[in-house]
Every structure is written in structure tokens, then in C-alpha cells.
Amino acid sequence: MATETLSEIQLEHAEGGMPQLDVTTYPNMIFWLIVALVALYFILTRFALPRIAAVLAERNDAIANDLEEAALYKRRAEEAEASYNAALATAREEAQKIAADTKAQINAELSTLMAKADAEIAAKTAESETRIRDIRDSATRSVEEVALETAQAIVEAFVPKAADSEAVGAAVANRLKG
Amino acid sequence: MAEGGGGFNIHPMEQFLLKPLFGGDEIHWYTPTNATLWLGITVVAVSLLMVFGSRGRALIPSRGQSMAELTYGFVYKMVEDVTGKHGVKYFPYVITLFLFILFANLLGLIPTSFSTTSHIAVTVILALAVFISVTAIGFAKHGAGFLKLFWVSSAPTVALRCVLALIEVISYFVRPISHSVRLAGNIMAGHAVLKVFAGFAGALGLFSVVPILAISTIYALELMVAVVQAYVFAILTCVYLNDALHPGH
């Protein structure tokens, strides 16, 4: 079967073998090949390659520019942040100063008011004390009077007309002292 | 080309035949052939990608422009990585070769198309162009100093250096052969295999599902080969260029 098949396969060797080895066709192919290669080289070097190279260079430039611009913007943003931070710090400082000033002022006012209040309170206290003392003095005096009158009355009751009012008075005073 | 009655009729090499476009049997050097047509289509396709694609010159690229730019960047980086800063001025040559081979390979995978890069005549010219220009650049840049490329001064003895120099010279002159045969061989072999399986598919009736599946798989592999071979050709060009720019080991 195999040998039969092989014998029936009519390979083209009879027609002169490989067309690649047919020398008579070489000049034709070589001529047209050189024409094609020269044409292709001309087309590529005149039109395609410069254009593509230009586009690629342009794109690289654009990307580099964009990166540069981005770096610039970043730098600006950083500067803005720094100035913002500085402004924030000064503002905070000022706020603290104002707060401290206000506090000091309030303290001063408060202390003067306190002093005034203290003085008023002291004056009132002194006044009250003098009044208390007056009241106590008058009370004491009344007690003396009452004691004297009572003593004279008692003395008169026991010894009518005999009493010496001055002596009674001295005795009462003497007793009150003791 | 007789259609066999019951047997297979497989002509895996027929697809590589050169035919005049406008009739006639004679193929003169100037005759427009199917090779001419597909070389032209390759040039047009590359131009579509690189010129039409980049026409917008947009800062934010469209899809087409993005593809053109990615291709440009890919080849540019390859040239720069392999040959260093001095090699960048040869970038247009490398990208021309790379895009030409890439598109020729890929367009050749369209059914019924003609694979220009499957022809040894085409790849030899491409490889010779690289070989001659690289050698010329080497001598132009370094004069006789370019010959240091063959003189392995890190080898310990003079005798050894002579032997190595012989090997280096041979390997240098083998470069265009391997450079061209690798490309043509890969493309030709893949297309021939596809064609053989297609022939099976035509003859197996219901069982042609198997070769059709195989064709799909091999087609995917061939797509990869098409891209990889273009890349290999371009990167070897860069490597040779680097040798010319920086001879001496």
C-alpha cells in the first residue's frame, strides 16, 4: 500500500526540480528585488522614518515639559503651603498675645475692683463696729443707771432718808468695776 | 501537470514557479512576473504601515500610528542594543531589510500568493548586500585594523592564533551563505509542507479533516517562522554591523 501510494505521488521533480535553482529566472528576480528595495528604502527614509522620529521626539518633549510643569506646580504648592503655615503660626501667636493681654487687663480690673470692694467692706465693718460699741456703751450705761437707781431704791427702802446718794453711787460703780 | 485519476497529484514546488504576469513564455530580466507583483505588494504594504499609518502625526497616536511607532521603536532599540550608539545611523538600512523580509514572509502565507523570500536568488542578494556593505563599513572605519576581527589576540600562542584566524576567515565568508539559505530554506520548506498536506486533503475525501487540522497547525507555526526569520535576519545584520564597527575581540 505504501509503495503503491509513493509511486502514485507525482512530485514535480520531472518539471525541472526546484524553481529556486532555475538560473534563468535570477536576473528577473534580482532586478525587481533591487527596484523594490530601493523604492522601499526611499519611501522609508524620505517619508516614514523622519515623520515617526519627529512624532516620537515631540511626544518625549511634551512628556518632559509636562513633568517639568508638574514639578513647578508642586514647588508652587509647597511654597503656598509654607506661607500658609507661616501665616497660621503668626496668627496663632497674635491670638495668644491678645488672649494674654486681655487676661492681664481683666486681672488688673478685677484686682482694682476687689481692692475697692475690700475697702468698702472694711469701711462698713468699721462703721458697724463703732455702732456696736456705741450700743454696748449705752447698754452699759443703762445697766449702771438701772443698778444705781435700784440700789438707791433698795437703800431708801431699808433706811429711808438716811441714804447718801453719792456714797451709793460710788459703791455701785465700785461693784460694777469688779 | 496531468490530473491523475486515482492517485495523488501533489506539486509542492509549483507555487514557487516564476510566471510572466501578462502572458508569454520568455522571462527577460525586465519582464513583470508574479515575483514583481508580490515584491510590489510588499513595498505597498510596508508603506501603508509606516507612511499611511503615521500620517496623523498625532501626539496621542491612533492604532495605525501606534503600530508604526512600535515597529520603529522595536527595530531602533534592536539596532541600538546590538551595535551601540555608533550603529544607529545604519538604522534605516536595517529597518528596510527587516520590514521587507517580514512583510514578504507574511504576504507569502496568503494562499495562492508568491513567496519572494523563498527564492534563494532573492535572499542571496539581501545577504550579499549586508555582507558587502558591512565589509565596506569595516574597512572604511578601521582600514587594515578591520583585519583584527580575524586575529584572536586573546589566544595564548601565535600558532593557535593562526589556526583561529583561518577559522574566523572561513566563518566570515560563510556568513552570507548561512544568512541567505536560512531564510529561503525556512520559508520554502514550510510552504512545501503546507502544499503537500493540501494535496492530501484533496485526495482523502472524508478523512481530509486530518490534513486540514495539520495545515491549520502548521500555518500557525509558519506565521511564527515568518516573523522569527525576519527578526533573525535583522538581528544578524546588526551583529555583523557590530563586528564591523567594533572589530577586535
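Of the 178 residues of chain A, 9% count as buried, a residue being buried if 20 or more other C-beta atoms lie within 10 Å of its own, exposed if 12 or fewer, and partly exposed in between, with the C-beta atoms placed from the backbone. This is a predicted model, in which local features need pLDDT of at least 70 and side-chain atom pairs count only at pLDDT 80 or more, while totals for chains, interfaces and linings use all residues. Residues are numbered from 1 along each chain as its sequence is written, and chains are lettered from A and ligands numbered from 1 in the order in which they are written.

Chain A has three helices and zero strands, and its pattern along the sequence reads α-α-α; helices (H or I, at least four residues) and strands (E, at least two) are DSSP runs, numbered from the N terminus. An unreviewed UniProt entry annotates residues 29–49 of chain A as "transmembrane region", with positions given in the numbering used here, feature names shortened, and annotations that may be inferred rather than shown by experiment. In the model that span is 100% helix and 0% strand, and its end C-alpha atoms lie 27 Å apart.

Where the chains meet, 45 residues of chain B are in contact with 36 residues of chain A, contact being counted if the C-beta atoms of two residues, placed from the backbone, lie within 7 Å. On the chain B side, the elements that give two or more residues are helices H1 (34–52), H2 (63–83), H3 (91–108), H4 (120–142) and H5 (158–203), and H1(B) gives the most, with ten residues. That side divides into 28 nonpolar, 14 polar and three charged residues, where Ala, Val, Leu, Ile, Met, Phe, Trp, Tyr, Cys and Pro count as nonpolar, Asp, Glu, Lys and Arg as charged, and the others, Gly among them, as polar.

Within chain B, B:Trp38, B:Ile41, B:Thr42, B:Ala45 and B:Val46 of H1(B) meet B:Leu99, B:Phe100, B:Phe103, B:Ala104 and B:Leu107 of H3(B). Nine of the residues in this contact are nonpolar, one is polar and none is charged.

H4(B) has buried residues that include B:Ile120, B:Val124, B:Phe131 and B:Gly138, and what covers the buried residues of H4(B) includes helix H2 (26–158) of chain A together with H3, H5 and helix H6 (209–245) of chain B. After H4(B) comes B:Gly143, whose phi is positive, near 60 degrees.
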